[in-house]
Amino acid sequence: MCYYRYTDQGRTISALHRPFSSLGYCPEEMTTQAFQAPSPFTLTPKAGRNAHTARVLKATEIHTNLLAIPCALEKHNIFTMCITSQLAAVQVSACTYILDGHALSIGRDRVRLSIGFVNTMATLWPLGKKMAKEVRAIARSCIAGTCTQNTVAMDAE
């Protein structure tokens, strides 16, 4: 039961702080159908947003650490799968915009862990296949370098 509280907390922290962080959004991330896409209002990534970025990255780290704890598959629900997909997209953004060296390697491993978790959950929940497919598409586009050139940013009018 405690696991879900921290998982929901991580998603909430990510949703609140990411628009104000240095983590950009890929166009593929804005069109997800299997899990909730980010807010349509986003700010362009800028330096000097370290506090927000740190909070988002910490929430992602805590969530992936919780995923690494052995647990029966039936103990998780579809809500956990959705949160994992959203935070995997955040981790892909961190790998694209912020991380380098050893931290980049750890970030990519976290993305792989999240995708593996969602794939495993797909044995119980068919929506998991689509979620994993969308996270892989986001990761491929960002790793290929198209994400950094086509970052989505909408300014308030």
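**Exercise 1.** Determine what share of the contacts in the protein between residues at least 6 apart in sequence joins residues at least 24 apart.

*Solution.* Begin with the contacts in this predicted model that link residues at least 6 apart in sequence, and then keep those whose partners are at least 24 apart, which gives 79%. For the surface, the accessible area comes to about 8300 Å², and carbon and sulfur atoms account for 59% of it. Of the 157 residues in the protein, 43% are buried.

**Exercise 2.** State how many helices and strands the secondary structure comprises, and in what order the elements run.

*Solution.* The count gives seven helices and zero strands, and the order from the N terminus on is accordingly written α-α-α-α-α-α-α.

**Exercise 3.** Describe how helix 3 and helix 4 cross, and which residues make the contact.

*Solution.* Two packed helices are described by the angle and the distance between their axes. For helix 3 (residues 50–67) and helix 4 (residues 78–97), the axes come within 10 Å and cross at roughly 125°. Because of this angle, helix 3 is oblique to helix 4, and the crossing of the two helices is left-handed. On the side of helix 3, the contact is made by Val56, Leu57, Thr60, His63 and Leu67, while helix 4 contributes Ile83, Thr84, Leu87, Val90, Gln91 and Ala94.

Conventions. Residues numbered from 1 in each chain as written. Predicted model: local features only at pLDDT ≥ 70, side-chain atom pairs only at ≥ 80, totals over all residues. Heavy atoms only, no water. Axes fitted to C-alpha atoms, helices over the stretch in contact; angles between N-to-C directions. Helix = DSSP H or I, 4+ residues; strand = E, 2+ residues; numbered from the N terminus. Parallel < 35°, antiparallel > 145°, perpendicular 65-115°, else oblique. Left-handed = near helix turned anticlockwise from the far one by under 90°. Contact = heavy atoms within 4.5 Å. Buried < 20%, exposed > 50% of the residue type's maximum accessible area, 1.4 Å probe, protein only. Areas by Shrake-Rupley, 256 points an atom, 1.4 Å probe, with all protein chains shown as cover.
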